[in-house]
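This report describes a single protein model with its ligands. The sequence and the structure are shown first, and the description follows.

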Amino acid sequence: MQPTVSIVGRPNVGKSTLFNRLIGERKAIVHDEYGVTRDRHYGESFWNGRNFTVIDTGGYLPDDPDVITSGVREQVHIAIDESDLILFVVDTESGVNSLDKAVAEILRKQDKPVLCVVNKADNEEKVHQAYEFYELGFDTIYPVSSISGSGTGDLLDRVVELLPDDTEEEEEHKYPRIAFVGRPNVGKSSLMNALLKSDRCIVTDVPGTTRDSINSLLEYKGNTYTLVDTAGLRKKAKVKENIEFYSTVRTDKSIREADVVVLLLDAMQGFDEQDKRILREAEKFNKGILIALNKWDSVPEKDTNLLKEFQEYIHGKVATMNYVPIISISALTGQRIERVLDVADQVLEQRKKKISTPALNSFVEKILKDRPLPVKRGKKLKIQYAVQVKSNPPVFKFFMNNPEELPPNYRRFIENKIREEFSFEGVPITMVFRQK
Ligand code: GDP
Ligand code: GDP
């Protein structure tokens, strides 16, 4: 599980600029290889051989000036709970401020490592001014200019030194990890309990390494899985935006920890923006994905086509994700709950699948014949060769002339064809196009 670094501080000190700086290079890579979702608040960073997740807590702050102070304080607490290291950002231009002092006090009273980043230190003179922030009581301060990037290398060196060691092979890490996520009241805990009671499942609690997280091991049909803990909110946030922030951080953390994400929906409530966001997030991190429509027992007048209509409705909402399987269940009656595990296991298998290079290339040849690539600037686009460079999750690399000229719809066409031919049901596919 990747460590998490949170950025906290008052509005306008430059948190989101620093965030973009920290994930900059990585984002470019992700974007190139993947090309879809980008999220303003979460990003992955890579430095000196370590990967870590960066959260810009400021992205969730309310606009209302009256609640800024309590909003910032709450977010600092969230950052303390949810991350391994905190970057506390202050602003040389505005100098030490009373809210900075209040935040510093909260941060000094807890155990997580904190680095005090003095931003907007754009030149020598401002770097000097930055020293006034020693007043906040931290051993070291890190003057940086998020805009130009100066100072951020030293900062990142220190960040990486302070990150916890890569998780060792704990028992629960040996097994595929399943996370049940979804809006409140869709039936996540009911499903867990129902599985627990099922004769065919054996569930054991395993206290996790992270504070307060309890993961369970589940045995089913001779296989063992880790159920990722998605415990509810421990603290009740008062600021509305932060309540959402809490559950978003929690959900996203579970997604990042999982190999397969089961999105639970309440069949009577349908599908909304939050559900879409969860799917996008799972896709962004290349997790296996399936949707379980829960509370099927409460759906009146079920005829044989109803599930199909639900499936079409949901696939219509996220058209690019129609590779995600959708099943109907009832945690209350126990109807088809084991099917969730069966399908999750199929998705895990699909995610591990590796297509041989000859099979892939005869497939590429065939689709190129069926639908030739266009001519761009007088030159015919050609894919010379393709290889699945990696599985679990799968990554395909296509070597071609002028990859930047490849029309986006052709890219989608290839993905659809790959799925027609090789399935990869429930599995996001990464496709990279490179010049030979
Ligand atoms: P946030 O509210 O803390 O996320 O702050 P933003 O990242 O939105 O930045 C607030 C303002 O400060 C913007 O106008 C940025 O362009 C500016 N800013 C951010 N970093 C720097 C910096 O390193 N130097 C200077 N001069 N301005 C900066
Ligand atoms: P969570 O917040 O996602 O963990 O949801 P809960 O498991 O606490 O369930 C929320 C409510 O939905 C509870 O009142 C459950 O009894 C009810 N519920 C859960 N699953 C089902 C189901 O399959 N059918 C029906 N009718 N109610 C359900």
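## Overall architecture

The protein has twelve helices and 18 strands, where helices (H or I, at least four residues) and strands (E, at least two) are DSSP runs numbered from the N terminus. The structure is a predicted model, in which local features need pLDDT of at least 70, side-chain atom pairs count only at pLDDT 80 or more, and totals for chains, interfaces and linings use all residues. Residues are numbered from 1 along each chain as its sequence is written, while chains are lettered from A and ligands numbered from 1 in the order in which they are written.

The domain assignment gives domain 1 (4-164), domain 2 (169-351) and domain 3 (357-435); such bounds come from an automatic or database domain assignment. Taken over C-alpha atoms, the centres of domain 1 and domain 3 are separated by 39 Å. Of the 436 residues in the protein, 37% are buried. A residue is buried if 20 or more other C-beta atoms lie within 10 Å of its own, exposed if 12 or fewer, and partly exposed in between, with C-beta atoms placed from the backbone. Among contacts between residues at least 6 apart in sequence, 71% join residues at least 24 apart; two residues are in contact if their C-beta atoms, placed from the backbone, lie within 7 Å.

## Confidence

The pLDDT, which is the predictor's confidence in each residue from 0 to 100, averages 86 over the protein, and 89% of the residues score at least 70. Over residues 26-39 the pLDDT is below 50, and this stretch has 14 contacts in the model beyond near neighbours in sequence. The model scores are ipTM 0.77 and pTM 0.77.

## The two ligand shells

Ligand 1 has 15 residues around it, and those that come nearest are Gly 14, Lys 15, Ser 16, Thr 17 and Lys 120. A residue counts as near a molecule or strand if its C-beta atom, placed from the backbone, lies within 6 Å of it. Helix α1 (residues 15-34) gives the most to this shell around ligand 1, with three residues. By class, the shell around ligand 1 divides into three nonpolar, nine polar and three charged residues. In this scheme Ala, Val, Leu, Ile, Met, Phe, Trp, Tyr, Cys and Pro count as nonpolar, Asp, Glu, Lys and Arg as charged, and the others, Gly among them, as polar.

Ligand 2 is surrounded by 15 residues, of which Gly 187, Lys 188, Ser 189, Ser 190 and Leu 332 are the closest. Helix α6 (residues 188-197) gives the most to the shell around ligand 2, with three residues. That shell has four nonpolar, eight polar and three charged residues.

Helix α7 (residues 240-257) has 18 residues and reaches 26 Å from its first C-alpha to its last, close to the 26 Å expected at 1.5 Å a residue. The expected span is 1.5 Å times one less than the number of residues in the helix. The buried residues of α7 include Phe 245, Tyr 246, Val 249 and Ile 255. Its buried residues pack against β2 (42-47), β3 (50-56), α2 (65-82), β7 (177-181), β11 (260-266) and α8 (273-284).

Helix α11 (residues 357-370) has 14 residues and reaches 20 Å, close to the 20 Å expected. This helix is hardly covered, with one buried residue among its 14.

## Loop residues and backbone features

Arg 183 lies in the loop between β7 and α6 and counts as partly exposed because it has 17 C-beta neighbours inside 10 Å. Its C-alpha atom is separated by 7.6 Å from that of Leu 265, 82 residues apart along the chain. Leaving aside neighbours within four places in sequence, Arg 183 is in contact with Gln 274 and Asp 275. Phe 271 lies in the loop between β11 and α8; with 19 C-beta neighbours inside 10 Å, Phe 271 counts as partly exposed. Beyond its neighbours within four places in sequence, Phe 271 is in contact with Leu 265, Ile 314 and Lys 317.

A cis peptide bond, with omega about 0°, joins Asn 392 and Pro 393. Pro 393 is found in the loop between β16 (383-390) and β17 (395-400). Asn 392 has a phi near 55°, a positive value in a residue other than glycine, and counts as partly exposed, with 16 C-beta neighbours inside 10 Å. Asn 12, in the loop between β1 (4-8) and α1, has a positive phi near 70°. Asn 12 counts as exposed because it has 11 C-beta neighbours inside 10 Å.
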